[in-house]
Amino acid sequence: MSIPLTLTDAARARVKAALEKDTTALGLLLRLEKTGGCGNFEYKVGYVHAEDKELERIEIAPGVALYIPVADGLRLFGMTIDFVTDKVGNAQFVFTNPQE
């Protein structure tokens, strides 16, 4: 199953930059953690250093991959990922998920 995700140019550039810092990584991992409340999720980002059958690989640019746990696929379906910097210089990924 291919999970339809949209990454803005800024998010794609940030993923690429992160992978350039860890040249042993195959890609970045995006996973969900359940927090309290009604369907709210916390998104965790990390590195993937080995292929895993429980992870789906999504190529977001040539040689740049995002990995999603297969179990999280439906909850990430149609999500948009952006990377923004606010007025005081705080930079972060912003996740817009229609499933929440």
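Analyst: A cavity is, on a 1 Å grid over the protein atoms alone, a set of points where a 1.4 Å probe fits but cannot get out, and its lining residues have an atom within 4 Å of a point. Here the largest cavity is lined by Leu 7, Val 15, Leu 28, Leu 30, Val 45, Leu 66, Ile 81, Phe 93 and Phe 95. E2 and E7 each supply at least two residues of that lining, where strands (E, at least two residues) and helices (H or I, at least four) are DSSP runs numbered from the N terminus. The model is predicted, so local features need pLDDT of at least 70 and side-chain atom pairs count only at pLDDT 80 or more, while totals for chains, interfaces and linings use all residues. Residues are numbered from 1 along each chain as its sequence is written, and side-chain values use heavy atoms, with hydrogens and water left out.

User: How many cavities of 30 Å³ or more does the search find, and how much space lies in the largest cavity?

Analyst: A volume is the space filled by probe spheres set on the grid points, which are joined across faces, edges and corners. The search of the whole structure finds 1 cavity of 30 Å³ or more, and about 50 Å³ of space lies in the largest cavity.

User: How should I read a nonpolar core, and which residues have the most contacts inside the largest one?

Analyst: In soluble globular proteins, nonpolar side chains tend to be buried together. A nonpolar core is a set of buried Ala, Val, Leu, Ile, Met, Phe, Trp, Tyr and Cys residues joined through side-chain atoms within 4.5 Å; buried means under 20% relative accessible area, exposed over 50%, and partly exposed in between, with a 1.4 Å probe and protein chains only. The largest core of this model has 22 residues, and those with the most contacts inside it are Leu 5, Leu 7, Leu 66, Ile 68 and Leu 76. Helix H1 (9-21) and strands E2 (27-34), E3 (41-48), E4 (55-61), E5 (64-69) and E6 (80-85) each supply at least two residues of this core, and the largest share, 4 residues, comes from H1. Apart from it lies another core, of 5 residues, among them Val 48, Leu 55, Ala 65 and Tyr 67.

User: What does Leu 5 touch, once residues up to four places away in sequence are not counted?

Analyst: Contact means heavy atoms within 4.5 Å. On that basis, Leu 5 touches Ile 58, Leu 66, Ile 68, Leu 76 and Met 79. Ile 3, which has its place in the segment before strand E1 (6-7), counts as buried at 3% relative accessibility. Leaving aside its neighbours within four places in sequence, Ile 3 is in contact with Glu 56, Ile 58, Ile 68, Gly 73, Leu 76 and Phe 77.

User: How are aromatic pairs described, and how many does the structure hold?

Analyst: A pair of aromatic rings is described by the distance of the centres and the angle of the planes. Rings of Phe, Tyr and Trp (its six-membered ring) pair if their centres lie within 6.5 Å, and planes under 30 degrees apart count as stacked, over 60 as edge-to-face and the rest as tilted. The structure holds 3 aromatic pairs. Tyr 43 and Phe 95 form a stacked one, with 4.4 Å centre to centre and 25° between the planes. Tyr 43 lies in strand E3 and Phe 95 in strand E7 (residues 91-96), so the pair ties together parts that are 52 residues apart in sequence. Tyr 43 counts as buried, at 15% relative accessibility, and Tyr 43, Phe 83, Phe 93 and Phe 95 form one aromatic cluster.

User: How many salt bridges are found in the whole structure, and is Asp 72 buried or exposed?

Analyst: A salt bridge is a side-chain nitrogen of Lys or Arg within 4 Å of a carboxyl oxygen of Asp or Glu. The search of the whole structure finds 5 salt bridges. In one of them, Asp 72 pairs with Arg 75, the closest N and O atoms being 2.8 Å apart; Asp 72 is buried, with a relative accessible area of 7%, whereas Arg 75 counts as partly exposed at 34%. Arg 12 forms a salt bridge with Asp 9 at 3.1 Å between the closest N and O atoms, and both residues lie in helix H1, 3 residues apart, about one turn of the helix.

Conventions. 1 Å grid on protein atoms, 1.4 Å probe; cavity = no way out; pocket = protein on both sides within 12 Å on 5 of 7 lines; lining within 4 Å.
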